[in-house]
Amino acid sequence: MAKKQKQAFVVTVSGEHGIEKVTRELKAKGFEVDQVMDAIGVVTGSAHPADVARMRKIPGVKDVSSDTPVDIGPPGSPIS
């Protein structure tokens with residue numbers, strides 16, 4: 001049986017643990033890191049949905065949420 005396709009996630013990191021350490025742990029749990037935003041304590045990337053429960057147990061991880069794309073359109077476009 002094929003493994004489900006990876007999905008995009010946003011991981012919020014607490015200030016109690018260094019974001020670099022948390023990022024290493026996320027990678028070890030199968031998270032493919034796209035961006036580390038140290039200033040706001042967020043790591044973005046993708047993982048298989050089955051890996052999310054393990055990622056949430058990492059010390060320093062406050063939240064793991066699905067990343068939903070947002071498109072606000074070009075300036076001056078009509079409001080929908």
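1. How much of the protein do buried residues make up? Buried residues account for 30% of its 80 residues, where buried means under 20% relative accessible area, exposed over 50%, and partly exposed in between (1.4 Å probe, protein chains only).

2. This is a predicted model, in which local features need pLDDT of at least 70 and side-chain atom pairs count only at pLDDT 80 or more, while totals for chains, interfaces and linings use all residues. Residues are numbered from 1 along each chain as its sequence is written, and side-chain values use heavy atoms, with hydrogens and water left out.

3. The protein has 2 helices and 4 strands, and from the N terminus the elements follow the order β-α-β-β-α-β. Helices (H or I, at least four residues) and strands (E, at least two) are DSSP runs, numbered from the N terminus.

4. On overall dimensions, the radius of gyration is 15 Å, whereas a compact globule of 80 residues would have one near 12 Å. The radius is taken over C-alpha atoms, and the globule rule is 2.2 Å times the number of residues to the power 0.38. The C-alpha trace spans about 45 × 40 × 15 Å along its principal axes.

5. The 4 strands form an open sheet with antiparallel pairing, in the order S2-S3-S1-S4. Strand S2 (32-37) and strand S4 (61-66) are the edge strands, each pairing on one side only. Neighbouring strands are turned against each other by 20° on average, direction ignored. Strands count as paired if DSSP finds at least two bridges between them; axes are lines fitted to C-alpha atoms, for helices over the stretch in contact, and angles run from 0 to 180 degrees between N-to-C directions.

6. Strand S1 (residues 7-13) and strand S3 (residues 42-47) run antiparallel and are joined by 6 bridges; Val10 has Thr44 as its bridge partner in S3. S2 and S3, also antiparallel, are joined by 5 bridges, and Met37 stands opposite Val42 in S3. The hairpin of S2 and S3 has 4 residues between the strands, and in it Gly41 takes a positive phi near 70°.

7. Thr44 is buried, at 13% relative accessible area. Leaving aside neighbours within four places in sequence, Thr44 is in contact (heavy atoms within 4.5 Å) with residues including Phe9, Val10, Phe31, Glu32 and Met37. For the protein, 62% of the contacts with a separation of 6 or more are between residues 24 or more positions apart.

8. Helix H1 (residues 19-28) lies across S1, S2, S3 and S4 and runs at about 170° to S2. The largest nonpolar core has 14 residues, such a core being a set of buried Ala, Val, Leu, Ile, Met, Phe, Trp, Tyr and Cys residues joined through side-chain atoms within 4.5 Å. S1, H1, S3, helix H2 (52-56) and S4 each supply at least two of its residues. Met55 is among those with the most contacts inside the core; not counting residues up to four places away in sequence, Met55 touches Val11, Leu26, Lys29, Phe31, Ala47, Val61 and Val64.

9. There are 2 salt bridges, defined as a side-chain nitrogen of Lys or Arg within 4 Å of a carboxyl oxygen of Asp or Glu. One joins the side chains of Glu32 and Lys6 (3.2 Å, N to O). Glu32 lies in strand S2 and Lys6 in the segment before S1, so this pair ties together parts 26 residues apart in sequence. Glu32 is partly exposed at 43% relative accessible area, as is Lys6 at 34%.

10. Arg54 forms a salt bridge with Asp51, with the closest N and O atoms 2.9 Å apart. Arg54 is partly exposed at 43% relative accessibility, whereas Asp51 is buried at 6%.
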